[in-house]
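Q: I've just opened this structure and would like to learn how to read it. Could you walk me through it, feature by feature?

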Amino acid sequence: MFQIIKYNDKTKKFDKNDWFNLDKFDSSFENCVFSSDRTKDFLFHISISACQKIFKRSYLESINAKFPEGIFLEDNVFAYYVWLKASRISIVKNYLYYRRSHENSITFKCDKKFYDIIPSGKKLFKIFIDNGWYEIYKKELINYTINAYRLTINTLDDDLVEKFYEKSKIEFENISNSEYIVDFLKYMSTSNKKILENILESDNLEEFKKLNTNPKGRFKR
């Protein structure tokens, strides 16, 4: 895994962030090989970008690693599965990839492809359960999952929010009726618990907006 630096086509400036800069990896991770166990404390602060990593093909084949088909945000599922299965990882703190961002980029626009946060999150949750990782990471996994809903509903354009709200309500009802609801209620942050409660308690988007609006008239983030 190596560093990425972003280049903004509009501002003509380079942009660094701790996500792509590998800032969570202190000097003890450099010039060595380590397993995924060493990153347990900051797993969900590691970049999921596939283009930031080089994989050994035989390793991917040995664990049957594949990107889920038919959904956007497929990196999410692939990245955590491959990372947590790995016993040999190394990092290179050099910028080996320059990522150009522009207004027409598929990752720049928050449109209806972000509805796939729901199936992507479900697949990710299942992977953690099926591989025995859930008990180890459940607090972080639960908040990571609900954060995705909260941030998306606050980012989508108005004409897309209602459909996402409806899809989220169905999924939150499934969660509330599942055996994992006890863990969700125990480990969710205050803001994540509020978004789940507000969606479940409202009957439509307008009711949700009233429950989930701050004094400035915007959705609570």
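Q: How many cavities of 30 Å³ or more does a search of the whole structure find?
A: A cavity is a set of points on a 1 Å grid over the protein atoms alone where a 1.4 Å probe fits but cannot get out. Grid points are joined across faces, edges and corners, and a volume is the space filled by probe spheres set on the points. Here the search finds one cavity of 30 Å³ or more, and the largest cavity has a volume of about 40 Å³. Keep in mind that this is a predicted model, where local features need pLDDT of at least 70, side-chain atom pairs count only at pLDDT 80 or more, and totals for chains, interfaces and linings use all residues. Residues are numbered from 1 along each chain as its sequence is written, and side-chain values use heavy atoms, with hydrogens and water left out.

Q: Which residues line the largest cavity?
A: Lining residues have an atom within 4 Å of a point. For the largest cavity they are Leu-43, Ile-46, Ser-47, Ile-48, Lys-53, Ala-79, Tyr-80 and Trp-83. By class, that's six nonpolar, one polar and one charged. In this scheme Ala, Val, Leu, Ile, Met, Phe, Trp, Tyr, Cys and Pro count as nonpolar, Asp, Glu, Lys and Arg as charged, and the others, Gly among them, as polar.

Q: What lines the second largest pocket?
A: A pocket is an open set of points with protein on both sides within 12 Å along at least five of seven lines. The second largest pocket holds about 480 Å³ of space. Its lining has 17 residues, with Ile-54, Phe-55, Arg-88, Ile-89 and Ser-90 nearest the centre. Helices (H or I, at least four residues) and strands (E, at least two) are DSSP runs, numbered from the N terminus.

Q: In what order do the strands of the open sheet lie?
A: Two strands pair if DSSP finds at least two bridges between them. The open sheet has three strands in the order β2-β1-β3, with mixed pairing. β2 (13–15) and β3 stand at the edges with a single partner strand each, so one side of each has no neighbour in the sheet. Strands β1 (residues 2–8) and β3 run parallel, joined by seven bridges. Within β3, Arg-99 stands opposite Lys-6.

Q: How do α4 and α5 pack?
A: Two packed helices are described by the angle between their axes and the distance between the axes. Axes are lines fitted to C-alpha atoms, for helices over the stretch in contact, and angles run from 0 to 180 degrees between N-to-C directions. Helix α4 (residues 117–130) and helix α5 (residues 134–153) meet at about 180 degrees, with axes 10 Å apart. α4 and α5 are therefore roughly antiparallel (over 145 degrees).

Q: At what angle do α6 and α8 pack?
A: For helix α6 (residues 158–176) and helix α8 (residues 190–201), the angle is about 105 degrees, with axes 9 Å apart. α6 and α8 are therefore roughly perpendicular (65 to 115 degrees). The contact (heavy atoms within 4.5 Å) involves residues including Tyr-165 and Phe-172 in α6 and Ile-195 and Leu-200 in α8.

Methods: Angles under 35 degrees count as roughly parallel, over 145 as roughly antiparallel, 65 to 115 as roughly perpendicular and the rest as oblique.
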